[in-house]
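This briefing sets out selected features of a structural model. The sequence and coordinates are shown first, and the remarks follow by topic.

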Amino acid sequence: MEPAAVAQTAIGAANADMSLWGLFLQAHFIVKFVMIGLVIASVWCWAIIVDKTMLYARTRRQMDRFEKVFWSGQSLEELYRSLANRPNTSMAAVFVAAMREWKRSFEGGGRAIGTLNQRIDKVLDVTIQRELERLETRLLVLATVGSAGPFIGLFGTVWGIMSSFQSIAASKNTSLAVVAPGIAEALFATALGLLAAIPAVIFYNKFASEVAKQGARLEGFADEFSAILSRQIDERA
Amino acid sequence: MPPVRPGMVVSVAAHTVVLTWGLISFGNAVPNNAPPMPALPVELLTTEEFNQITKGELKSKDVSKPKQKVEKVEPVKRDPKPDAPVAKQDVKPNNTEPPKQADAPKPEPKPAPETAKAEPAPPAPKPEPPKQAEAKAPEPTPQPEKPKTAEKPPVPTPPKRPEPPKKVAKAEPKPKAAEEKPKKPEREFNPDAISALLDKRAPSRTERSGDEISQTASLGTATGEASRLSVNELQALVSAISNQIRPNWNIPIGAQGASDLLVVVRFQLNQDGTLSGNPQVVNNSANPFFSAAADSALRAVYLSAPFQDLPAASYEQWRDVQITLNPSQMLGG
């Protein structure tokens, strides 16, 4: 805030707009910039949070459904045929990738059976990595906002307090009416920073543990499936 | 991944709702209607100012005339006329006679004013206290009834006779007879009785003393303060005193480090500028010539008394003087 503006608001303290919108309008443009940035960060964080919550819930549901079908005694060939033609996620994707490698090896007349086990493991690993990556994307945004948000808000606060002290110096008046608007608007920036950062940190932790859980579940499934396939290979060989 | 990303939509909607709610609910700041704190008037006083207060106190019911604070009753009333003998009232008892008193007429003045009541000698005391003149009038009847008309001067004169001859002149016609009578017993000077005549009273404190004790000041004066000196006036006072001492101070010539021989002398003065009591050297020094310098400084103070040209109005300020004598200044000036 310009010193003159502060002096003006001090004089006209009675009609100074102390609502949130008023605070925003009175702020120095750098503080405004910080506030806008923090609001955008908050919007983005919540978008990610909503998306991820839905994604993880969906993934969990899909895994449950797939496991039920997989262990229902249905033929693997049939299952593969039903899944191969549509885009798959998580466990289904892992299953399809392994089955594809398996089928490819046997289409060639069963000549490449010796190292098939290793190839299948590789394919499983790669697919799991890809799936985890899909689960983890944009979690870093949450982490960044969570750690940097308070600092950004603090920057806005420091800037606002700085300019309000400048206006004290300029108006040579230390009455609270001169200082208060600047302080209030500066603290508003910190409030926004905390508002953005707190949910980001909480949900980042929640999502990180969720990803780890689902990754472990995928790994477990992949190991089991790999064991089944290698038994089949040994029987045929 | 499904192409629809509802997250952003939901988030923007939620933020809009929350911010709108914030704008409405925080609306305008509610002014804090706390009652204003009552202001307490506080006045800061220095010790000096506090001691000089003669201002009235709110609780005082006494509407007498303003007085300064007095902590102790003065044992003997001061004679309104500043005569040399009266000066001994504040004297601290010391057996060594100060050199100055040597030339003063010792035996005569002393007994009369101070120990008037105690002493058997003078029948004079009765007529003496001027105010009591009327009351005591019957007694000195043999003498002319006039002492009243003759006023105070004649009565106290006898003892002080040597000094104020004019007063005697005024009162001349009648009191002459009165004079003779008191004179006779006093004229005889008994050298053996000197010790009895010496002032043996305890040293008077440097507290404020006055006619009666008044711990609280009542009613007060217009200014609310006793007269006080500005820094300039104080410096003028100090330089006036030291200028009078300077010509009388003979510093031991050739003293090593003469410039270090600062001597701080303290002495009390009477209102007429004469010394009251003995001057003292307050400081000390390792310089071997210091005692010589100190003695000479004391001598200088004795020689310079009575001090001239000290403003009577600010007697309180120079009643007790402590002054630093600097040989280098003396030598230079």
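Chain A contains 8 helices and 0 strands. The model is predicted, and the remarks below should be read on that basis.

**Fold of chain A**
- Along the sequence, the elements of chain A follow the pattern α-α-α-α-α-α-α-α.
- Of the 237 residues in chain A, 32% are buried.
- Among the contacts in chain A with a separation of 6 or more, 82% are between residues 24 or more positions apart.

**Contact between chains A and B**
- Chain A contributes 12 residues to the contact, and chain B contributes 16 residues.
- On the side of chain A that touches chain B, at least two residues come from each of helix H2 (20-26) and helix H3 (29-70) of chain A.
- H3(A) gives the most to this side of chain A, supplying 7 residues.
- By residue class, the side of chain A that touches chain B comprises 8 nonpolar, 2 polar and 2 charged residues.

**Hairpin in chain B**
- Strand S3 (residues 263-269) and strand S4 (residues 275-281) of chain B run antiparallel and are joined by 4 bridges.
- B:Leu269 has B:Leu275 in S4(B) as its bridge partner.
- There are 5 residues between the strands in the hairpin of S3(B) and S4(B), where B:Gly273 adopts a positive phi near 90°.

Key
Residues numbered from 1 in each chain as written. Chains lettered and ligands numbered in written order. Predicted model: local features only at pLDDT ≥ 70, side-chain atom pairs only at ≥ 80, totals over all residues. Buried ≥ 20, exposed ≤ 12 C-beta atoms within 10 Å, placed from the backbone. Contact = placed C-beta atoms within 7 Å. Nonpolar A, V, L, I, M, F, W, Y, C, P; charged D, E, K, R; others polar. Pairing = 2+ DSSP bridges.
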